[in-house]
Amino acid sequence: NLAYMHAHGLGLPRDFHLAKRHYDMAMDASTEAVLPVRIALVELYGMQLIEDMLQWPAVQRLRDSAVWTQVATSLMHGDEWQWDTIAIVVISPLLLMVAVIRRQRAMLRRE
């Protein structure tokens, strides 16, 4: 659909605002589209956040380093971010923290 094409720059220039407009129109057109559109909007907001963060001066300095080359090589395929890999990298430590905190609380209750 046009929203996805604008969001990912497929055949059209990448334009997050126009992608959101098309996603909103799809959501207004059909009640069945609400959940898929909301999921797509989360991805769109994530992509926009990353694009904005890439413009920060500290990130610009990091992009000039060899570390960035290794990270970008592993997390990008062409011009597209590998969202599944990024999600795993972000969620795994969070789940580990939750597991550690729950275990510590369970041990404290036993004492």
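This is a predicted model: local features need pLDDT of at least 70, side-chain atom pairs count only at pLDDT 80 or more; totals for chains, interfaces and linings use all residues.
**Entry 1: His6**

I located His6 in helix H1, residues 2-8; helices here are DSSP runs of H or I with at least four residues, numbered from the N terminus. Residues are numbered from 1 along each chain as its sequence is written, and side-chain values use heavy atoms, without hydrogens and water.

Leaving aside neighbours within four places in sequence, I listed its contacts (heavy atoms within 4.5 Å) as Leu12, Pro13, Arg14, Asp15, Leu18, Ala19 and His22.

**Entry 2: His17**

I found His17 in helix H2, and at 62% relative accessibility His17 is exposed. I noted a C-alpha separation of 27 Å between His17 and Ile88, which lie 71 residues apart along the chain.

**Entry 3: H2 against H3**

I looked up how H2 (residues 16-29) packs on H3: the angle is about 170° and the axes are 10 Å apart. Axes are lines fitted to C-alpha atoms over the stretch in contact, with angles from 0 to 180 degrees between N-to-C directions. H2 is therefore roughly antiparallel to H3 (over 145 degrees). The H2 side of the contact includes Phe16, His17, Tyr23 and Met27, and the H3 side includes Val34, Leu41, Leu44 and Glu51. By class I recorded 12 nonpolar, two polar and four charged residues in this contact.

**Entry 4: the largest pocket**

I recorded a volume of about 470 Å³ for the largest pocket. Its lining comprises 18 residues, with Ile50, Met53, Trp81, Ile86 and Val90 nearest the centre. H3 (34-53), H4 (57-63), H5 (66-75) and H6 (83-110) each supply at least two lining residues, and H6 gives the most, with six.

A pocket is an open set of points on a 1 Å grid over the protein atoms alone, where a 1.4 Å probe fits, with protein on both sides within 12 Å along at least five of seven lines; lining residues have an atom within 4 Å of a point.

How values were computed
Grid points are joined across faces, edges and corners, and a volume is the space filled by probe spheres set on the points. Angles under 35 degrees count as roughly parallel, over 145 as roughly antiparallel, 65 to 115 as roughly perpendicular and the rest as oblique. Ala, Val, Leu, Ile, Met, Phe, Trp, Tyr, Cys and Pro count as nonpolar, Asp, Glu, Lys and Arg as charged, and the others, Gly among them, as polar. Buried means under 20% relative accessible area, exposed over 50%, partly exposed in between (1.4 Å probe, protein chains only).
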